[in-house]
Amino acid sequence: MQSPLSSSGRLLERENNRRSNQARRVHCKRSSAWADLPQELLEIISRSLNIVDYQNLGRVCRSWRLFYSEFKQSFLTSHSPLIVYASTRAKKYCYFFDIATRMKYKTKLPRHICNFKFCLGVSSGYLIMLCLKTNDVSRDYLWVINPFTGHQIQFPCMPWPHCIEDYHDSCFSRSIFASFFASFGSQGQDFLIMILSKYVKVLQFCTSRDNKWKQYHYYNKGGHILDRVVFDGRIYVINSDSRIGIFNLRSCDLRFLELNFAPRFGSHFDKSIRLVASNGQLFVVDSPKVYRIDLSRKEWMKVYNLGDQALFLGHGDMMCSKVINPSKWGGQSNCIYDLFPFNNKEPWKTITRYNLFPFNHQEPRETIIVDFPQKGEGKGYASTKICSWYFLPVSSSIENVRDE
Amino acid sequence: MSKLGQAKRIIFLKTADGQLFEVDEPVAMEFEIVKSFFDENEDAADDTVVPLPNVSAEPLAGIIEFCKAHVEFRANGAAGKDEVKKFNAEYIKEKSNEQLKELILAANYLNIKEMLDFLTETIANRLKNKSVEYVRAFFGIENDFTPQEEEAVRKEYEWAFEGVDED
């Protein structure tokens, strides 16, 4: 019995070496503390934790914190997009809803936000809030905050629309089409905020470098700009003539691309046309129609099948849309998750829901209602209203616009 | 593999502390590390002793008990039923924290998927919805952050997500 033991022992040892060497090293130290649990085990354990539990795990001790930081990104990508929500009366909290687990989270908004605020949009994981001082218009400002990391930055208030104090929230939000926030420059050291107006053909933007607003009027450049997106380090816009252009910040110039097979959008002014950049691809969504822009072939291509991806389509001014693979958290692929925060029949009740539109028309459509804490009815005057998709995995990586 | 075909085969396992275990083949084959050893050494003698230099006798005994029960459950078609849940609950109830940790490290080394899933889920349940202080006390983990790190962590968690109580 002795001889086979020694030979097989060596063989087994070799086999062992092939197995996770790192885990073995940790194990071989014969450490007796839970703190030294191998990362591969913590990784399995964390799979069934929610975000709150996972964050707590990172506060227990140094080695668990190291694990927390190293695996955070993969943890977040295995979770569904959230719906971020704040009711019209919300002062203190904004809420998040995980559509896969139906788990709700909240996070405190800082106290110093004044009493008068609108959310203009959600961009790069940041909420863009307009804070108004009722008694002193000159002290109005834009306050951009990431509710997940807590990073915040202030910009002066944009020059247009004027006389903000005359607007009430619904009217105000209708005068702004889209706003976005991005980092700017090669190191991402500066920040950029840009606002599209609905009624005036002007692009307004401000960088943290000069802290001054610039305006670009495009009266002589065709239709209204309907949406904008940061794609491959550039700002792409789309106008109502279904033309796609690139806006250069430095030269303050808009240049349209020559693309074949552009469809015609209806003449409807309020039509929601969306530019969506995801996975290195640029899409135009005229829901439920989706087009992919092939920049190398210079053409529009209608998308009939999203494959293993799904489009998360934001609503209204809060537009924050992405194409992602939902398989990691058990979502449905090849469909549109259309977030729709308002109830047409009873507009005073803000019921949040999202619709699932499969690309394959044989599959049934579905409507899912999300019940958020409602504090009072939504007749709020001058108050926050946020309802948008929120993509945690990208919430700490701001889209970057190159300075060129 | 066994030349005797149907005859019940015994696998010999030797732990780090020198204990020799005789384990029924189907139970030992639950251990991926043992299984792949025999897969790659098809002509290994029947009385080959597989050394397990990273596992000591106590957790191995516990693991054999668990795997034996689960192999039987599967043979009886009881997998996934209440009987199994009841066994698992009883099994874990008797284990101290220290034993649980030895078990999970050993199950990880031996690469026993079913048991590892069960043990990691058990630990996850002890973390879910618990405060940091509770977790530290429960698992006997020392707070080894320096005051500066502690402050940085605290700052970061001013922004942490909180759960929402359903009312």
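1. The interface as a whole. In this predicted model, 55 residues of chain B are in contact with 62 residues of chain A. The size of an interface is often given as the accessible area lost when the parts come together. Between chain B and chain A that buried area is about 5,300 Å², and carbon and sulfur atoms give 62% of it. On the side of chain B, the residues that lose the most area to chain A are Tyr157(B), Trp159(B) and Phe161(B), which together account for 18% of what that side buries.

2. Charged pairs between the chains. Over all chains the count comes to 22 salt bridges, and two salt bridges are found across the interface of chain B and chain A. Where does a pair such as Glu149(B) and Arg62(A) lie? Glu149(B) belongs to helix α8 of chain B (residues 147-157) and Arg62(A) to helix α5 of chain A (residues 62-77), so this pair joins two chains. The side chains of Glu149(B) and Arg62(A) meet in a salt bridge with a distance of 3.0 Å, N to O.

3. Helix α3 of chain A (residues 39-46) and α6(B) have axes that come within 8 Å and cross at roughly 70°. Angles of 65 to 115 degrees count as roughly perpendicular, and α3(A) and α6(B) are therefore roughly perpendicular to each other. From α3(A), the residues Leu41(A), Ile44(A) and Ile45(A) meet Leu116(B), Thr120(B), Ile123(B), Ala124(B) and Leu127(B) of α6(B). Sorted by class, this contact of α3(A) with α6(B) has seven nonpolar residues, one polar residue and no charged residues.

4. The helix α6(B) within its own chain. Inside chain B, helix α3 (residues 57-75) and helix α6 (residues 113-127) have axes that come within 10 Å and cross at roughly 110°. The two helices, α3(B) and α6(B), are therefore roughly perpendicular to each other, and the crossing in which α3(B) passes α6(B) is right-handed. The residues that meet are Ile63(B), Phe66(B), His70(B) and Arg74(B) from α3(B), with Glu114(B), Met115(B) and Phe118(B) from α6(B). By class, the contact of α3(B) with α6(B) has four nonpolar, one polar and two charged residues.

5. How are the helices α3(B) and α4(B) directed, roughly parallel or roughly antiparallel? Their axes come within 11 Å and cross at roughly 175°, where α4(B) covers residues 82-93 of chain B. That angle makes α3(B) roughly antiparallel to α4(B). In this contact Gly62(B), Ile63(B), Glu65(B), Phe66(B), Ala69(B), His70(B) and Phe73(B) of α3(B) meet Glu83(B), Val84(B), Phe87(B), Asn88(B) and Tyr91(B) of α4(B). The residues of this contact of α3(B) with α4(B) divide into seven nonpolar, three polar and two charged.

6. Two backbone features in loops of chain A. The peptide bond that leads from Ser287(A) to Pro288(A) is cis, with omega near 5°, and Pro288(A) is found in the loop between β17 (281-286) and β18 (289-294) of chain A. Ser242(A), although a residue other than glycine, has a positive phi, with a value near 50°. The place of Ser242(A) is in the loop between β13 (234-239) and β14 (244-248) of chain A.

Conventions
Residues are numbered from 1 along each chain as its sequence is written. Chains are lettered from A and ligands numbered from 1 in the order in which they are written. This is a predicted model: local features need pLDDT of at least 70, side-chain atom pairs count only at pLDDT 80 or more; totals for chains, interfaces and linings use all residues. Side-chain values use heavy atoms; hydrogens and water are left out. Axes are lines fitted to C-alpha atoms, for helices over the stretch in contact, and angles run from 0 to 180 degrees between N-to-C directions. Helices (H or I, at least four residues) and strands (E, at least two) are DSSP runs, numbered from the N terminus. Angles under 35 degrees count as roughly parallel, over 145 as roughly antiparallel, 65 to 115 as roughly perpendicular and the rest as oblique. A crossing is left-handed if the near helix is turned anticlockwise from the far one by less than a right angle, and right-handed if clockwise. Contact means heavy atoms within 4.5 Å. Ala, Val, Leu, Ile, Met, Phe, Trp, Tyr, Cys and Pro count as nonpolar, Asp, Glu, Lys and Arg as charged, and the others, Gly among them, as polar. Buried area is the accessible area (1.4 Å probe) that two parts lose on being put together, summed over both. A salt bridge is a side-chain nitrogen of Lys or Arg within 4 Å of a carboxyl oxygen of Asp or Glu.
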